[in-house]
Amino acid sequence: MHKVCQCGTNMNIRLRTVIYQNKVEIENVPVFSCDDCNRSEVFAEVKPELTGLIKQLGAKPDKSLLHFEEISEIAGLMLKASEKSREADPVEKIIEERVNELLDLLLLAQSLQDEAWMADVRGRLSQIAKHSLSAHDLS
Ligand SMILES: [Zn+2]
């Protein structure tokens with residue numbers, strides 16, 4: 001998960017708060033930023049979720065605070081990996097735990113025949129699978 005800035009410096013990825021329309025604060029959005037020239041750019045892998053969220057908010061959103069880690073599994077995993085208590089855990093383990101958690105939820109949703117919930121959980125699983133994250137990606 002490396003990115004080189006247009007100025008030639010390596011960019012760092014961090015979870016940042018993105019403000020939309022001066023009204024909505026979206027916390028924990030993975031953003032690449034360059035310490036040299038201050039350019040910043042949303043991590044491409046989470047753009048579909050962020051775009052979807054902004055579409056839902058519409059052009060005239062109410063003032064609110066949103067947690068992007070609840071929508072984006074990538075942001076959620078990055079947040080978990082950055083917790084002090086998880087410092088010693090390999091990222092693979094954090095990912096595996098989350099996948100198991102989602103599979104449990106999927107079973108539960110299936111047993112309740114809750115189609116919307118099943119679709120949500122499947123979407124989350126595919127966010128993780130699609131990017132086939134490696135330990136390196138989150139550190
Ligand atoms: Zn730069």
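Modeller: Here it is, and we can go from the overall layout down to single residues.

Biologist: Great. What kind of model is this, and which residues count for what?

Modeller: This is a predicted model, where local features need pLDDT of at least 70, side-chain atom pairs count only at pLDDT 80 or more, and totals for chains, interfaces and linings use all residues. Residues are numbered from 1 along each chain as its sequence is written, and side-chain values use heavy atoms, with hydrogens and water left out.

Biologist: How many helices and strands does the protein chain have?

Modeller: The protein chain has 5 helices and 5 strands. Helices (H or I, at least four residues) and strands (E, at least two) are DSSP runs, numbered from the N terminus. Along the sequence the pattern reads β-β-β-β-α-β-α-α-α-α.

Biologist: And which domains is the protein chain divided into?

Modeller: Domain 1 covers 1–71 and domain 2 covers 73–139; such bounds come from an automatic or database domain assignment. Their centres, taken over C-alpha atoms, are separated by 20 Å. Domain 1 puts 14 residues into the contact and domain 2 puts in 12 residues, where contact means heavy atoms within 4.5 Å.

Biologist: Now the metal. What coordinates the zinc ion?

Modeller: The SG atoms of Cys5, Cys7, Cys34 and Cys37 coordinate the zinc ion, at 2.3 Å. Donors are N, O and S atoms within 2.8 Å of the metal (3.2 Å for Na, K and Ca); water is not among the atoms, so sites may look incomplete.

Biologist: How are those donors spaced along the chain?

Modeller: The donors of the zinc ion follow C-x1-C-x26-C-x2-C.

Biologist: Why is the arrangement around the zinc ion called tetrahedral?

Modeller: Because the 4 donor atoms subtend angles of 103 to 119 degrees. Four donors count as tetrahedral if all angles lie between 85 and 135 degrees.

Biologist: Is Cys5 buried or exposed?

Modeller: Cys5 counts as buried, at 5% relative accessibility. Cys37 counts as partly exposed, at 35%. Buried means under 20% relative accessible area, exposed over 50%, and partly exposed in between (1.4 Å probe, protein chains only).

Biologist: Switching to helix 1. Which residues are buried there?

Modeller: In helix 1 (residues 47–57) the buried residues are Glu49, Leu50 and Leu53. Seen down the axis, they fall within an arc of 95 degrees, so they line one face of helix 1. The arc is that of the directions from the helix axis to the C-beta atoms.

Biologist: Last one: which residues of helix 3 are buried?

Modeller: Val91, Ile94, Ile95, Arg98, Leu102, Leu106 and Ala109. They cover an arc of only 115 degrees around the axis, which puts them on the same side of helix 3. On the other side, Glu96, Asp104, Leu107 and Ser111 are exposed.

Biologist: And what comes after helix 3?

Modeller: Gln113 follows helix 3, with a positive phi near 50 degrees.

Notes: Four donors count as tetrahedral if all angles lie between 85 and 135 degrees; four count as square planar and six as octahedral if opposite donors are over 155 degrees apart and all others between 65 and 115; anything else is irregular.
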